[in-house]
Protein chains: 2
Amino acid sequence: MKLATIKNTNQDGQLVLVSEDLKDYVEVGDLATTLQDALDLWPAIEEKLLIRYEALNALELTDINKVSDAEFMAPLPRSWQWLDGSLFLNHGTLMQQAFHLEPIEGADSYPLVYQGAGDSFLSGSAPIIAPSEQVGIDFEGEFGVIVGDIPMGSSADYALGQIRLIVMLNDISYRALGPREMKTGFGFVQAKGPTSFAPFAITPDELGRHWHNGRINLPLDVYRNDKWFGSPEGSQMYFGFHELIAHVAKTRPIKAGTVFGSGTVSNADVTKGQACISELRAKEMIATGKPQTEFLKSGEIVHMQVLDQRGKTVFGEIKQHVTVENTDV
Amino acid sequence: MKLATIKNTNQDGQLVLVSEDLKDYVEVGDLATTLQDALDLWPAIEEKLLIRYEALNALELTDINKVSDAEFMAPLPRSWQWLDGSLFLNHGTLMQQAFHLEPIEGADSYPLVYQGAGDSFLSGSAPIIAPSEQVGIDFEGEFGVIVGDIPMGSSADYALGQIRLIVMLNDISYRALGPREMKTGFGFVQAKGPTSFAPFAITPDELGRHWHNGRINLPLDVYRNDKWFGSPEGSQMYFGFHELIAHVAKTRPIKAGTVFGSGTVSNADVTKGQACISELRAKEMIATGKPQTEFLKSGEIVHMQVLDQRGKTVFGEIKQHVTVENTDV
């Protein structure tokens, strides 16, 4: 199934089912009003959603609308919990080399993960409203998953079965503010802006063989101002999403609607490019001693997509303009 | 006003107004179904809630119920954002002395704050279900505030006016897991269990002169198994809540319903005791070279309350039993 949220007067929008070919959608308010409601009710309504999805694909419903006419929000415009991992170890290795940092102890045994803000997720077309260019505005192209209820102490195998939906996201980061917050040990707060999401959240079966072992085996294409920036492969993720979820569930239950992120998609193969500016700057520092590529300025455009083997978009696109408020940080 | 949430079949419960003397309550479903709804709608419904509150206090309503018959949840059973500060610098100073840590650079200029999990807040009477005694089960007695919408770049003065409600909470912490997570720089994830809240969330005016400069000028009483553990004063908070909020709002907007915590209430005056076990252990380490007091074991009871100058409870009580699941961490 493909699910999305269209804008209405409600902060959490209106849940819709989107057809397999991404051309049509239908409201499913009789089953669940919002995506969070659907996730809370999932075991009771999944089968009914699936029947509706098949009827939509067969154009057997009367209230079908055109995707091209819709204004989409993030699939979950707000989330009760957002946990972003750093599951591509290649990214951390490059950062350590570039900044001459000590390796993080246990980084290959325990997935790195920070808790983020779930109060206002942006749509894939919303502007990146940054406080200032001085904060080092960066994007991070990531995959993510949205889960059902997971009891404390659940295994990675159990967690794998509770992955309801897969998403694509841009973890907007303010690089100049990260080092001070990392040094405190308390994690990123000022160093992260609101996260944005591509419009379509899909069930794992939609990916077919491209969903394997808790990883999305497709490249994530990133463009900066229409110039190719990278197409790193999701298959290179060191920990699977199910392993990240089980790590967090060691000491607490996780409730339906929690979103987990992969961290910036990153490959050792340099021909794949990269999904964030800081990684390119790290490569430049390693090669020449200093970074050349600048962070985002006002007016720039970030564009991300994932295409399947037939060249069709999987999650829809993220395409965001940078706007700067020039407030004092 | 005093607000609370009673248990029903909905995950977010049913919003109620509680009388000034904490004896009676009334449902206000015609104004807002849940506390999150009320916070989303606050500017439009505050006046109506206030009129209802005055009628409740005057016993002029027909559908009044007894508080003694009610089962309360956390005021917000789920929150889109939970940010917990460390606003009592005395606590950090003691930790640094005990563990011979370097002072955190800038800790008196920038409030320390970590992002926590908002997906399942516990009621004040819910058991603390810990994975194992080996994790170092601890409580932290804290004050908190719940805010309305705050645009990016808002001043501390503006933030002060957007503080809708004040709460009391127990930030359940697993001390054995904290140091590894702090060293990564990514902040606490496994080191924190679900946070629990006393039942009554009150508007700042209810505190009268005890609400001053973004601080709660009352002691927070903590008991461990009916034995006094501490009564540290909220007045000793180094940063006000409004300063913490403005710090976070520097780089992003904050949405209604976000909860901010004070961190464990902590005083330099040793006769005030302390609001968490790790602080007592730190004092023991400083005095004798090693800690004597153990962390919580299965079956122990944590009890917290705040009394006003007439000896009346302000937020209701937190009283939690410790239960251990003995899962593998």
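Trainee: How many helices and strands does chain A have?

Mentor: Chain A has 6 helices and 21 strands. Helices (H or I, at least four residues) and strands (E, at least two) are DSSP runs, numbered from the N terminus. This is a predicted model, where local features need pLDDT of at least 70, side-chain atom pairs count only at pLDDT 80 or more, and totals for chains, interfaces and linings use all residues. Residues are numbered from 1 along each chain as its sequence is written, chains are lettered from A and ligands numbered from 1 in the order in which they are written, and side-chain values use heavy atoms, with hydrogens and water left out.

Trainee: Which domains does UniProt list for chain A?

Mentor: An unreviewed UniProt entry lists "Fumarylacetoacetase N-terminal" for residues 1-78 of chain A. "Fumarylacetoacetase-like C-terminal" is listed, also from an unreviewed entry, for residues 89-322 of chain A. UniProt positions are in the numbering used here, feature names are shortened, and annotations may be inferred rather than shown by experiment.

Trainee: New topic. What rotation superposes chain B on chain A?

Mentor: A rotation of 180 degrees, with 0.0 Å of shift along its axis, and the RMSD is 0.0 Å. That is the relation of a two-fold axis. Copies are superposed by least squares on the C-alpha atoms of residues with pLDDT of at least 70 in both.

Trainee: Why do we say the copies meet through the same surface?

Mentor: Because 100% of the interface residues of chain B are also interface residues in chain A. Contact means heavy atoms within 4.5 Å.

Trainee: How many aromatic pairs are there over all chains?

Mentor: The count is 21 aromatic pairs over all chains. Rings of Phe, Tyr and Trp (its six-membered ring) pair if their centres lie within 6.5 Å; planes under 30 degrees apart count as stacked, over 60 as edge-to-face and the rest as tilted. One of the pairs is A:Tyr25 with A:Phe72, edge-to-face at 6.5 Å centre to centre and 70 degrees between the planes. That pair links distant parts of the chain, 47 residues apart.

Trainee: Are A:Tyr25 and A:Phe72 buried or exposed?

Mentor: A:Tyr25 counts as buried at 9% relative accessibility, and A:Phe72 is buried at 16%. Another pair is A:Trp80 with B:Trp80, stacked at 3.7 Å centre to centre with 10 degrees between the planes. The tryptophan pair crosses between chains, from the loop between E4 and E5 of chain A to the loop between strand E4 (65-66) and strand E5 (82-86) of chain B. A:Trp80 and B:Trp80 are buried.

Key:
Buried < 20%, exposed > 50% of the residue type's maximum accessible area, 1.4 Å probe, protein only.
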